[in-house]
Amino acid sequence: MKTAFVSSARGAAWPLVFALLMAGSACGDAGEANGMKTIEGSIWYRERIALPPNAEILVFLEDVARMDVPSEVIATTRFEPEGGPPWMFSLEYDPHRLQDKGRYVLRARIEADGRLLFINTASIPAFQGNAGAPVQVLVSRVGGGREGKGAKVPDASLTETYWKLIDLDGQAAVVGAGGRELHMVLASDGSRVHGFSGCNRFTGSYQRTDGQLSFSQLASTRMACMEGMELEQRFLDALGRTSRFRIRSDQLTLYSADGQQTMRFVAVALQ
């Protein structure tokens, strides 16, 4: 095979090609430059059914090392699946948040309109196998069954449930100061609510009547944080705008008086 050099006319294009190649390399190394790492993997299921057009996939990197407390979310990503399984994902995380004694797993969910469709039931080590090898996450259909509808999953209780924030004003929730997840617990006495709002712990009152839910007298401790304070204000403002709620399976959705979804939570079982 003969190897030919391009003519001077075509050679003029080489600086542009070289610049594009270098730009692509810079983009690929951006994560390394800012200290972030990524976990590559795929989500798949065995059922031979199609997802609804409004489905979305959520992947979480969590530390489950501590007993009797909810897992700590290190990073999360959300995307809309295209085509059929498997669906590839790339989860960016900050390696400085990993601890020597941590136990890190991946949790994946497939949802549609806030309804849980699939979830992984086996523990998936986040850093299994060869370094850099894609992680395969098998999810199972909630309720089981074949092509027909599966068994109904009981709704979680509004009260005495650890509700972890997963969506705030239409955006995937992020963790607050110290890597702590935002959450709330409504007491069964029908009046008090408490939790973590991003920087401080908060308390307040709630009123519930026939699908209506409102919060008042919300107050937090006065600690200043390097991060999480703006998030905390958004969280408390959204709680203050709440007018009604809906629970489906393990998810709690809050709405404002004009019917806009403001927040979404998931019930978390203690480890």
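**A walk through the loops, cores and salt bridges**

What you are looking at is a predicted model, in which local features need pLDDT of at least 70 and side-chain atom pairs count only at pLDDT 80 or more, while totals for chains, interfaces and linings use all residues. Residues are numbered from 1 along each chain as its sequence is written, and side-chain values use heavy atoms, with hydrogens and water left out.

Most residues other than glycine have a negative phi, and most peptide bonds are trans. Asp169 has a positive phi of about 50 degrees, although it is not a glycine. Asp210 also has a positive phi, near 45 degrees, and lies in the loop between β14 (201-209) and β15 (212-220). For the peptide bonds, look at Pro85 and Pro86: the bond joining them is cis, with omega about 5 degrees.

How open are these loop residues? Asp169 is partly exposed at 35% relative accessible area, whereas Asp210 is exposed at 78%. (Buried means under 20% relative accessible area, exposed over 50%, and partly exposed in between, using a 1.4 Å probe and protein chains only.)

Asp169 also has a partner: its side chain meets that of Arg241 in a salt bridge, 3.0 Å from N to O. A salt bridge is a side-chain nitrogen of Lys or Arg within 4 Å of a carboxyl oxygen of Asp or Glu. Arg241 sits in the loop between α4 (229-240) and β16 (242-248), 72 residues away from Asp169.

Glu62 and Arg107 pair at 2.7 Å, N to O; because Glu62 belongs to β2 and Arg107 to β5, they tie together parts 45 residues apart in sequence. Glu62 is buried, at 4%, and so is Arg107, at 16%.

Now to the nonpolar side chains. A nonpolar core is a set of buried Ala, Val, Leu, Ile, Met, Phe, Trp, Tyr and Cys residues joined through side-chain atoms within 4.5 Å. Which members of the largest nonpolar core touch the most other members? They are Ile43, Leu61, Leu106, Ile110 and Val137, out of 28 residues. Strand β5 gives the most to this core, with five residues. Apart from it lies another core of 25 residues, including Leu182 and Phe265.

Notes: Helix = DSSP H or I, 4+ residues; strand = E, 2+ residues; numbered from the N terminus.
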